[in-house]
Amino acid sequence: MLWPSTLIGAAAGWALASIPGALLGALLGQLLDRQLRLQSWAQLRGLLVRAREMDDDELLFMLLGRLAKCDGRVLDSHIRMARSEMQRLGLDEAATRRAMDAFARGKLAEMALHGPLAALRRRPERGEVLLRTCWRMAWADGRVSPAEYQLIQEWGQALGWAQTALDGLADEYEPAKRSREPSPGDYQAALRLLGVQSDSEPAAIKRAYRRLLSRHHPDKLAGSGASAAQLRTATEKTRELQSAYELVRQRRGFR
C-alpha cells in the first residue's frame with residue numbers, strides 16, 4: 001500500500017530539517033492520507049486535477065458508480081437506476097455523456113471522494129440529495145450489502161452528518177420501514193411543517209428548510225448537556241423536516 005502524502009511530507013521535511021523534519025513531515029502526510037483515504041499516486045493526481053473542477057452532477061455519478069461496483073459486479077438494475085437519475089435531472093446530451101463518464105470513473109475507485117464531499121458541508125441540502133440518491137442506488141438490486149452500507153456511512157460522515165441522522169436516513173429507505181404513499185393531506189402537512197405555501201419559490205422552500213434544520217438538528221445540542229429525551233426529540237424533528245422537504249421537493253419537481 002502506498003501513502004503518497006506521507007512520502008511527499010517525508011521528502012519535504014528531510015529537505016528542510018534532515019531527520020527530524022522527515023519524521024514530522026511523514027507524520028503530517030500520513031494524517032492527510034488517512035483523512036482523504038489516499039492509497040496511490042493515481043488517487044492523489046485525481047484529487048489534485050479534478051477536485052476543483054468537479055461539479056455536483058459529476059460527483060453524484062462518481063458516487064453512484066462506486067456504489068454499483070463495490071460488490072464486484074455492476075448489475076443491470078444499477079445501470080437502469082443511473083439512467084433514470086440522468087433523466088430525472090433533465091440532463092442534455094453533453095451532460096449525459098459527462099455523467100456516464102463520471103459513473104465509469106467512479107467504478108474504478110481510483111479517486112478519493114472524501115475531499116469533494118467535505119467541501120459540501122457548506123451546502124447541507126445538496127449533501128442530503130447526494131446521500132438520498134446513493135440510498136436509491138444501494139437498493140436498486142433489492143438489497144443493501146455491508147460494503148454499500150459502509151460506503152454511504154463514510155460519505156455521510158465526510159459530509160458532516162451525525163450518526164443519528166445517518167441512521168434515520170437509512171431507515172427511510174429500508175423497504176420494511178417505509179411508510180405508505182403520501183396523500184394530498186401529507187403534502188399540505190409538509191408545507192405547514194416547513195412554513196411555506198404551495199406556490200412558494202423553490203429557493204424560498206430551500207431557505208426555510210435549511211433554517212429549520214439548523215435550528216432543530218441534534219448536533220446543536222451536542223456538548224450542551226442535553227438529556228437523552230431532548231436528543232431523541234431533536235432527532236425525530238430532524239427526520240420529520242427531512243421527510244417533509246423531500247416530499248415537497250419531489251411534488252414540486254426541483255433539485
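Modeller: Let me begin with a criterion: a crossing is left-handed if the near helix is turned anticlockwise from the far one by less than a right angle, and right-handed if clockwise. Helix 7 passes helix 9 in a right-handed crossing. The model is predicted: local features need pLDDT of at least 70, side-chain atom pairs count only at pLDDT 80 or more, and totals for chains, interfaces and linings use all residues. Residues are numbered from 1 along each chain as its sequence is written, and side-chain values use heavy atoms, with hydrogens and water left out.

Biologist: What makes the secondary structure of the chain come to helices and strands in these numbers?

Modeller: Helices are DSSP runs of H or I with at least four residues, strands are runs of E with at least two, and both are numbered from the N terminus. By that rule the chain has 12 helices and 0 strands.

Biologist: Why are helix 7 and helix 9 called oblique to each other?

Modeller: Axes are lines fitted to C-alpha atoms, for helices over the stretch in contact, and angles run from 0 to 180 degrees between N-to-C directions. Angles under 35 degrees count as roughly parallel, over 145 as roughly antiparallel, 65 to 115 as roughly perpendicular and the rest as oblique. Helix 7 (residues 124–138) and helix 9 (residues 163–173) pack at about 45 degrees, with axes 10 Å apart. The pair is therefore oblique.

Biologist: Which residues make the contact of helix 7 with helix 9?

Modeller: Contact means heavy atoms within 4.5 Å. Helix 7 contributes Leu131, Arg132, Trp135 and Arg136, and helix 9 contributes Leu166, Leu169, Ala170, Glu172 and Tyr173. Ala, Val, Leu, Ile, Met, Phe, Trp, Tyr, Cys and Pro count as nonpolar, Asp, Glu, Lys and Arg as charged, and the others, Gly among them, as polar. The residues of this contact divide into 6 nonpolar, no polar and 3 charged.

Biologist: How do you know the orientation of helix 3 relative to helix 8?

Modeller: Helix 3 and helix 8 pack at about 150 degrees, with their axes 9 Å apart. That angle makes helix 3 roughly antiparallel to helix 8. Their crossing is right-handed. Leu63, Arg66 and Leu67 of helix 3 meet Glu148, Leu151, Ile152 and Trp155 of helix 8. This contact divides into 5 nonpolar, no polar and 2 charged residues.

Biologist: Why is aspartate 57 called buried?

Modeller: Buried means under 20% relative accessible area, exposed over 50%, and partly exposed in between (1.4 Å probe, protein chains only). Aspartate 57 has 19%, so it is buried. Aspartate 57 lies in helix 3 (residues 56–69) and, not counting residues up to four places away in sequence, touches Leu89, Leu91, Arg126 and Arg255. Across the chain of 255 residues, 42% are buried.

Biologist: What makes valine 144 partly exposed?

Modeller: Valine 144 has 22% relative accessibility, and therefore counts as partly exposed. Valine 144 is in the loop between helix 7 and helix 8 (146–158). Leaving out residues up to four places away in sequence, valine 144 touches Trp135, Ala138, Trp139 and Tyr149.

Biologist: Why does alanine 147 count as partly exposed?

Modeller: Its relative accessibility is 29%, so alanine 147 counts as partly exposed. Alanine 147 belongs to helix 8. Beyond its neighbours within four places in sequence, alanine 147 is in contact with Cys70 and Asp71. Alanine 147 and aspartate 71 are 76 residues apart in sequence and 6.8 Å apart in space, C-alpha to C-alpha.
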